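Here is a short briefing on one protein chain. Keep the structure in view as you read.

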Amino acid sequence: ANGFVISEDGTVVTDSGAVSEEATYIIKLADGTTFDAKAAFQDEERGVAFLKPVKPLEKKTLAVEWGDSDSVRLGGMAIVIGGSDQVAVNVGVISGFQSAKRTIKKDDTETEVEYRSGMTLSVPVSAGSIVLSGNGTAIGMGIGSDTKTFVAPSNVIKDLIGSIPSPKTE
């Protein structure tokens with residue numbers, strides 16, 4: 001499965017459909033570095049999972065630079081890096097948005113807010129592929145078991161990062 005590094009400690013984000021809580025995964029970075037990782041947090045509703053190294057890495061990893069997925073517009077350029085069988089680069093446009101509602105509780109009040117829960121692209125996006133804006137910042141990640149055009153927005157992923165606990169060690 002594809003995924004990409006989101007922090008210097010080697011935490012990786014990927015599609016939740018490719019992750020089992022019990023399994024140990026071998027992560028291979030572009031520079032050839034490999035390490036073992038386990039699922040640290042999954043949000044199946046949003047299609048996102050995070051893997052953390054089983055033990056601290058010897059050196060820091062290069063992490064993605066996040067973009068603001070709420071600022072992208074219809075027709076904006078999207079660069080997809082990933083693939084099912086081999087790594088490929090594909091350029092397309094943002095062709096649609098999905099929205100959802102969530103309830104925010106503050107003190108004794110509940111407020112329902114609408115947020116951008118997904119994006120669609122004009123080109124195929126395999127699960128775990130990174131989607132970049134024209135300026136090279138990550139604006140999303142492909143999710144779904146088949147090659148589709150659906151993307152989890154970067155702002156949804158960034159919101160979930162705070163939910164990641166420390167990995168379980170044996």
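Two residues are in contact when they have heavy atoms within 4.5 Å. With that rule, Ser 20 touches Tyr 25, Ala 39 and Gln 42, leaving aside residues up to four places away in sequence. Remember that this is a predicted model.

**Around Ser 20**

- Ser 20 sits in the loop between E2 and E3.
- Ser 20 and Ala 39 are 19 residues apart along the chain. Their C-alpha atoms are separated by 7.0 Å.

**The five-stranded sheet**

- Five strands make an open sheet, in the order E1-E2-E5-E4-E3. Their pairing is antiparallel.
- Strand E1 (3–5) and strand E3 (24–28) are the edge strands, and each pairs on one side only.
- On average, neighbouring strands of this sheet are turned by 35 degrees against each other, direction ignored.
- E3 and strand E4 (residues 34–43) run antiparallel and are joined by five bridges. Here Ile 26 stands opposite Asp 36 in E4.
- Helix H1 (residues 154–161) packs on the sheet. H1 touches strand E2 (12–15), E4 and strand E5 (48–53). The direction of H1 makes about 50 degrees with that of E5.

**Two hairpins**

- E6 and E7 form a hairpin with five residues between them. In the turn, Gly 83 has a positive phi of about 155 degrees.
- Six bridges link E6 to E7, and the two strands run antiparallel.
- E7 and E8 also form a hairpin, with two residues between them. In this turn, Asp 107 has a positive phi of about 55 degrees.
- E7 and strand E8 (residues 109–125) run antiparallel, joined by 12 bridges. The bridge partner of Arg 102 is Val 113 in E8.

**A nonpolar surface patch**

- Which residues form the nonpolar patch on the surface? They are Met 77, Ile 81, Val 87, Val 89 and Val 91. Together they have about 460 Å² of accessible area.
- Strand E6 (77–82) and strand E7 (88–106) each give two or more residues to the patch.
- Ile 81 lies in strand E6. Ile 81 stands opposite Val 89 in E7.
- Is Ile 81 buried or partly exposed? Ile 81 counts as partly exposed because its relative accessibility is 31%.
- A patch residue needs over 30% relative accessible area.

Methods
Residues are numbered from 1 along each chain as its sequence is written. This is a predicted model: local features need pLDDT of at least 70, side-chain atom pairs count only at pLDDT 80 or more; totals for chains, interfaces and linings use all residues. Side-chain values use heavy atoms; hydrogens and water are left out. Patches are made of residues with over 30% relative accessible area and no salt bridge: like charges are joined within 9 Å, nonpolar side chains (Val, Leu, Ile, Met, Phe, Trp, Tyr) within 5 Å. Accessible areas come from the Shrake-Rupley method with a 1.4 Å probe; for residues, only the protein chains shown count as cover. A salt bridge is a side-chain nitrogen of Lys or Arg within 4 Å of a carboxyl oxygen of Asp or Glu. Helices (H or I, at least four residues) and strands (E, at least two) are DSSP runs, numbered from the N terminus. Buried means under 20% relative accessible area, exposed over 50%, partly exposed in between (1.4 Å probe, protein chains only). Two strands pair if DSSP finds at least two bridges between them. Axes are lines fitted to C-alpha atoms, for helices over the stretch in contact, and angles run from 0 to 180 degrees between N-to-C directions.
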